[in-house]
Amino acid sequence: TLEELSNIFNYSQRQIIRIIQNSTDKTFSQLLTQLRMEKAATMILAKDIPLEQIATEVGYSSLSSFYRVFVSYYGMTPGKWKQSKTAN
């Protein structure tokens, strides 16, 4: 969380937000979503793990929340995304 980063690096949350924005041109939320989706995608391709477990491991409390963000980020469901990647 932003609070955890603030404590780890001993900066205010506002400073952490500015550092992230200046370094990545993304908000904290955008960066967190990107990192979660990249990790989820790697797990989907590399392992035969149930999506419920992947959703939990990347920080989503429900499968429906994970699906909604995944579809928004990749433009398709995790199953279709995996098919598109393994068909190549």
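Angles between axes are called roughly parallel under 35 degrees, roughly antiparallel over 145, roughly perpendicular from 65 to 115, and oblique for the rest. The axes themselves are lines fitted to C-alpha atoms, for helices over the stretch in contact, and the angles run from 0 to 180 degrees between N-to-C directions. Helices (H or I, at least four residues) and strands (E, at least two) are DSSP runs, numbered from the N terminus.

This is a predicted model, in which local features need pLDDT of at least 70 and side-chain atom pairs count only at pLDDT 80 or more, whereas totals for chains, interfaces and linings use all residues. Residues are numbered from 1 along each chain as its sequence is written, and side-chain values use heavy atoms, with hydrogens and water left out.

**First stop: H3 and H5**

Select helix H3 (28-46) together with helix H5 (residues 63-74). Their axes are 11 Å apart and the packing angle is about 95°, and the two helices are therefore roughly perpendicular to each other. Where they meet (contact means heavy atoms within 4.5 Å), H3 supplies Thr-33, Gln-34, Met-37, Glu-38, Ala-40, Ala-41 and Ile-44, while H5 supplies Phe-66, Val-69, Phe-70, Tyr-73 and Tyr-74. Sorted by class, this contact has nine nonpolar, two polar and one charged residues; here Ala, Val, Leu, Ile, Met, Phe, Trp, Tyr, Cys and Pro count as nonpolar, Asp, Glu, Lys and Arg as charged, and the others, Gly among them, as polar.

**Second stop: the two faces of H5**

Keep H5 selected and colour Ser-65, Phe-66 and Phe-70, which are buried (buried means under 20% relative accessible area, exposed over 50%, and partly exposed in between, with a 1.4 Å probe and protein chains only). These residues lie on the same side of H5, because they cover an arc of only 125° around the axis, the arc being that of the directions from the helix axis to the C-beta atoms. The buried residues of H5 pack against H3, helix H4 (51-57) and helix H6 (78-86). On the face turned away from the buried side, look for the exposed residues Ser-64, Arg-68 and Ser-72. After H5 comes Gly-75, whose phi is positive, near 80°.

The contact joins Leu-2, Glu-3, Leu-5, Ser-6 and Phe-9 of H1 to Gln-13, Ile-16, Ile-17 and Ile-20 of H2.

Which residues does Ser-6 touch, not counting those up to four places away in sequence? They are Tyr-11, Ser-12, Gln-13 and Ile-16, and Ser-6 itself, at 11% relative accessibility, counts as buried.

**Last stop: two loops**

In the loop between H1 and H2, select Tyr-11, which at 39% relative accessibility counts as partly exposed. Asn-10 is in the loop between H1 and H2 and, at 71% relative accessibility, counts as exposed. Most residues other than glycine have a negative phi, but phi of Asn-10 is positive, near 60°.

Finally, move to Asp-25, in the loop between H2 and H3. Asp-25 has a positive phi near 60°, counts as exposed at 65% relative accessibility and, leaving aside its neighbours within four places in sequence, is in contact with Ile-20 and Gln-30.

Notes: Expected span 1.5 Å × (residues − 1).
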